[in-house]
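The following note sets out numbered comments for a colleague who is reviewing this entry. Please read each point with the structure in view.

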Amino acid sequence: MSYEPKSAFGAAVNAFEETLIAVILGLMTIITFANVVVRYAFNSNILWALEATTYLFAWLVLLGAGYAVKTGAHLGVDVLVNALPAGLRRLMGLICAAVCISFALLLLKGSWDFWAPFAELNPTSGRWFPTGFEDARGRGWFETDDVPMPAVLNPLFAEMFNLGEPYEKIPRLIPYFIMPVAALLLSVRFILAGVEIWTGTRATLVASHEVEDALEEIDAARVTEEGRV
């Protein structure tokens with residue numbers, strides 16, 4: 001399934017997301033490969049490699065969730081939905097979008113409440129819906145287990161979040177920052193998808209037909225090749 005941005009801003013955002021996802025994949029590959037070489041060639045180990053790749057994989061998954069909603073790449077079973085009349089199929093799509101939006105907003109609240117204290121910010125109060133803010137700061141000094149803090153970032157982050165005390169490892173606020181960001185992107189993408197279903201520019205929410213699309217591309221390429229012959 002091909003995705004075509006509808007504006008210059010959308011194209012820029014899409015290019016940034018794809019580039020960031022590619023960079024994350026590249027970093028995971030490089031770190032893992034380097035660790036294997038160090039282990040088998042020098043009988044040593046990159047201590048922080050496993051933790052770093054774990055965080056990078058989390059970033060990849062969380063960013064990819066919103067990206068897949070935008071591009072319609074999530075897999076789904078739509079046999080029954082496609083058998084319904086157009087009006088009822090649209091209604092089912094809107095109900096699905098409403099459920100997904102509700103879930104994404106709950107995820108946004110939960111992810112903010114989890115991340116905020118690490119950034120010396122206040123989480124929200126309320127079990128399901130934000131009813132205000134609670135004073136639960138004071139975790140800015142929490143560090144990761146193994147990943148060292150880059151020296152160039154230490155003065156800034158130490159002054160902002162750790163009362164001027166330098167970090168030995170990167171603070172948790174850095175790798176966990178992806179949680180509220182990805183939840184916000186996911187919420188926006190579900191809302192936009194719901195609007196597209198409402199306006200009739202999108203048929204379904206999350207159903208992808210990768211195999212059918214691949215077969216169509218193969219058939220088109222075969223027809224083109226036969227025409228040349």
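Which residues in α6 are buried?

1. The model is predicted. In α6, the buried residues are I178, P180, A182, A183, L186, S187, R189, F190, A193, G194 and I197.

2. The dimensions of α6 can be checked against expectation. Helix α6 covers residues 178–199, and at 1.5 Å a residue its 22 residues should span 32 Å. The C-alpha atoms at its ends lie 31 Å apart, which agrees with that value. After α6 comes G200, with a positive phi near 85 degrees.

3. The surroundings of I24 may be inspected individually. Leaving aside residues up to four places away in sequence, I24 touches L56, W59, L60 and L63.

4. How many salt bridges does a search of the whole structure find? The search finds three. In one of them, the side chains of E17 and K70 meet at 2.5 Å, N to O. Because E17 belongs to helix α1 and K70 to helix α2, this pair ties together parts that are 53 residues apart in sequence. Both E17 and K70 are buried.

5. E17 also forms a salt bridge with R189, where the closest N and O atoms are 3.0 Å apart. This pair links distant parts of the chain, with E17 in helix α1 and R189 in helix α6, 172 residues apart. Why do E17 and R189 count as buried? The cut-off for buried is under 20% relative accessible area. E17 has a relative accessible area of 8%, so E17 is buried. R189 is likewise buried because its relative accessible area is 9%.

6. The pair of D113 and K109 lies within one helix. D113 forms a salt bridge with K109, the closest N and O atoms being 3.0 Å apart. Because D113 and K109 are four residues apart in helix α4, about one helical turn separates them. D113 has 19% relative accessibility and so counts as buried. K109, at 9% relative accessibility, counts as buried too.

7. L91 is situated in helix α4. Is L91 buried, exposed or partly exposed? L91 is partly exposed, because its relative accessible area is 43%, and the partly exposed class lies between the 20% limit for buried and the 50% limit for exposed.

Terms used:
Residues numbered from 1 in each chain as written. Predicted model: local features only at pLDDT ≥ 70, side-chain atom pairs only at ≥ 80, totals over all residues. Heavy atoms only, no water. Helix = DSSP H or I, 4+ residues; strand = E, 2+ residues; numbered from the N terminus. Expected span 1.5 Å × (residues − 1). Buried < 20%, exposed > 50% of the residue type's maximum accessible area, 1.4 Å probe, protein only. Contact = heavy atoms within 4.5 Å. Salt bridge = Lys/Arg side-chain N within 4 Å of Asp/Glu carboxyl O.
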